[in-house]
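Dear colleague,

Please find the structure below, followed by an account of what was found in it. I would be grateful if you would read the two side by side.

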Amino acid sequence: MKVKVLFFANLREQLGTGAEVVDLPDSASTVAGLRMHLMRRGGAWQQVLGDTKVVRVAVNQDMAAATAPLNHGDEIAFFPPVTGG
């Protein structure tokens, strides 16, 4: 399943990317699964998305919980708890 993943504010700066298309394995069919899949990349990915980090997530522009299911073609956005304009 392919999903579009967006990163905003300091997450974008720390990861060095604002967006990418991710091909997810079947085991990563939720927001938490996607986060774990990205954390397995190690380095900055582990630091930015680690379990102790507070990160907000939206799926198709609606706030989503870790248990929210993902579908092919979804747009998932990760951003810090507070963003400024």
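The buried residues of helix α2 pack against β1, β2, α3, β3 and β5. Here, helices (H or I, at least four residues) and strands (E, at least two) are DSSP runs, numbered from the N terminus. Buried means under 20% relative accessible area, exposed over 50%, and partly exposed in between, with a 1.4 Å probe and protein chains only. The buried residues in α2 are V31, G33, L34, R35, L38 and M39. G33, for instance, has a relative accessible area of 15%.

As to provenance, this is a predicted model, in which local features need pLDDT of at least 70 and side-chain atom pairs count only at pLDDT 80 or more, while totals for chains, interfaces and linings use all residues. Residues are numbered from 1 along each chain as its sequence is written, and side-chain values use heavy atoms, with hydrogens and water left out.

Nonpolar core

A nonpolar core is taken as a set of buried Ala, Val, Leu, Ile, Met, Phe, Trp, Tyr and Cys residues joined through side-chain atoms within 4.5 Å. The largest such core has 22 residues, of which V5, F7, L34, L38, L49, I76 and F78 touch the most other members. At least two residues of this core come from each of β1 (2–7), α1 (9–15), α2 (31–39), α3 (43–49), β3 (56–59) and β5. Helix α2 supplies the largest share, four residues. With contact defined as heavy atoms within 4.5 Å, and leaving aside neighbours within four places in sequence, L34 is in contact with V5, V22, L24, A28, L70, I76 and F78.

Aromatic pairs

Rings of Phe, Tyr and Trp (its six-membered ring) pair if their centres lie within 6.5 Å; planes under 30 degrees apart count as stacked, over 60 as edge-to-face and the rest as tilted. By this rule there are two aromatic pairs. F7 and W45 form an edge-to-face pair, at 5.5 Å centre to centre with 70° between the planes. Since F7 lies in strand β1 and W45 in helix α3, this pair ties together parts that are 38 residues apart in sequence. F7 is buried, with a relative accessible area of 1%, and W45 is buried at 13%. The other pair, F7 and F78, is stacked, at 5.9 Å centre to centre with 15° between the planes. F78 lies in strand β5 and F7 in strand β1, so this pair ties together parts that are 71 residues apart in sequence. Both F7 and F78 are buried. Through these ring pairs, F7, W45 and F78 are linked into a cluster.

T17, in the loop between α1 and β2, touches F7, R12 and W45, not counting residues up to four places away in sequence. A polar atom of the T17 side chain lies 3.1 Å from the backbone oxygen of A19.

Charged residues

A salt bridge is a side-chain nitrogen of Lys or Arg within 4 Å of a carboxyl oxygen of Asp or Glu. A search of the whole structure finds one, in which the side chains of E20 and R41 meet at 2.9 Å, N to O. This pair links distant parts of the chain, with E20 in strand β2 (residues 19–23) and R41 in the loop between α2 and α3, 21 residues apart. R41 is partly exposed, with a relative accessible area of 39%.

D74 is found in the loop between β4 (62–63) and β5 (75–79). A polar atom of the D74 side chain lies 2.7 Å from the backbone nitrogen of N71. Beyond its neighbours within four places in sequence, D74 is in contact with K2, V3, K4, V59, N60 and P69. G33 and D74 are 41 residues apart in sequence and 14 Å apart in space, C-alpha to C-alpha.

With kind regards

Definitions and conventions
A polar contact is a pair of N or O atoms within 3.5 Å; within protein, one must be able to donate a hydrogen and the other to accept it, and residues adjacent in sequence count only if both atoms are side-chain atoms.
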